Amino acid sequence: MKVTLGRKAYPSDLTDEQWELLEPLIPQPSLQGRKPFVSRREVVNAILYVLRSGCPWRMLPHEFPAWQSVYYNFHRWEREGVWDRILQTLRMRMRTRQGREEEPSAAIIDSQSIKTSAVRGPEKGYDVGKKNVGPQASCIRRYAGQPVGCEGDRSPGL
């Protein structure tokens with residue numbers, strides 16, 4: 001089995017090539033306070049492990065940094081928009097490799113009718129196509145299928 005950073009590698013761990021791409025996008029630790037003792041790469045590997053395996057944060061294997069550190073960095077980077085920048089960079093890179101422009105030139109508006117219980121509340125809409133009275137969820141998707149501004153999420157709109 002492959003070894004990374006002094007431990008056996010998990011299938012979710014970043015390769016050296018992947019880390020070279022992500023490293024400049026992950027914020028450096030603050031210079032104030034004590035010196036960080038947790039590797040940013042190990043934090044990213046731990047986050048990917050949780051996302052890939054679906055395990056709770058508190059059940060993170062002991063080979064990774066403390067779950068509190070991993071959880072804190074995940075949410076801090078989410079608030080700061082780090083994950084959005086990573087996804088945008090990866091999308092632009094993928095499109096360039098496919099010989100397309102970095103930014104899509106078309107968007108598709110997608111909507112969905114949702115059947116739900118009365119507990120949800122008075123929020124109702126009317127889907128003319130399906131003749132359905134109930135909650136409606138809409139989402140604008142770029143040409144490549146990437147969500148742009150979905151109702152109920154925090155992704156930026158157009």
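**Helix packing and aromatic rings**

A: Read from the N terminus, the elements of the protein chain follow the order β-β-α-α-α-α-β-β-β-β. The model is a predicted one. In total, the protein chain has four helices and six strands. Of its 158 residues, 28% are buried. The accessible surface of the protein chain is about 11600 Å², and carbon and sulfur atoms account for 54% of that surface. Among contacts between residues at least 6 apart in sequence, 42% join residues at least 24 apart.

The part in question involves helix α2, residues 40-53, and helix α3, residues 67-79. Their axes are 10 Å apart, and the two helices pack at an angle of about 90 degrees. Angles of 65 to 115 degrees count as roughly perpendicular, and α2 and α3 are therefore roughly perpendicular to each other. On the α2 side, the contact is made by Val43, Val44, Ala46 and Ile47; on the α3 side, Val70, Asn73, Phe74 and Trp77 take part. Sorted by class, the contact of α2 with α3 comprises seven nonpolar residues, one polar residue and no charged residues.

The aromatic rings come next. Counting ring pairs with centres within 6.5 Å, the total is eight aromatic pairs. One of them joins Trp57 and Tyr71: the ring centres are 5.4 Å apart and the planes stand at 80 degrees, so this pair is edge-to-face, given that the class requires over 60 degrees. Trp57 lies in the loop between α2 and α3, whereas Tyr71 belongs to helix α3, so the pair ties together parts that are 14 residues apart in sequence. The two partners can also be described by their accessibility. Trp57 has 17% relative accessibility and therefore counts as buried, the limit being under 20%. Tyr71, at 36% relative accessibility, counts as partly exposed.

Trp57 also pairs with Phe74: here the ring centres are 5.3 Å apart and the planes are at 45 degrees, so the pair is tilted. Because Trp57 is in the loop between α2 and α3 and Phe74 is in helix α3, this pair ties together parts 17 residues apart in sequence. Trp57 and Phe74 are both buried. Phe74 is also among the α3 residues that make the contact with α2.

Finally, ring pairs link Trp57, Trp67, Tyr71, Phe74, Trp77 and Trp83 into a cluster.

Key: Residues are numbered from 1 along each chain as its sequence is written. This is a predicted model: local features need pLDDT of at least 70, side-chain atom pairs count only at pLDDT 80 or more; totals for chains, interfaces and linings use all residues. Side-chain values use heavy atoms; hydrogens and water are left out. Axes are lines fitted to C-alpha atoms, for helices over the stretch in contact, and angles run from 0 to 180 degrees between N-to-C directions. Angles under 35 degrees count as roughly parallel, over 145 as roughly antiparallel, 65 to 115 as roughly perpendicular and the rest as oblique. Contact means heavy atoms within 4.5 Å. Ala, Val, Leu, Ile, Met, Phe, Trp, Tyr, Cys and Pro count as nonpolar, Asp, Glu, Lys and Arg as charged, and the others, Gly among them, as polar. Rings of Phe, Tyr and Trp (its six-membered ring) pair if their centres lie within 6.5 Å; planes under 30 degrees apart count as stacked, over 60 as edge-to-face and the rest as tilted. Buried means under 20% relative accessible area, exposed over 50%, partly exposed in between (1.4 Å probe, protein chains only). Accessible areas come from the Shrake-Rupley method with a 1.4 Å probe; for residues, only the protein chains shown count as cover.
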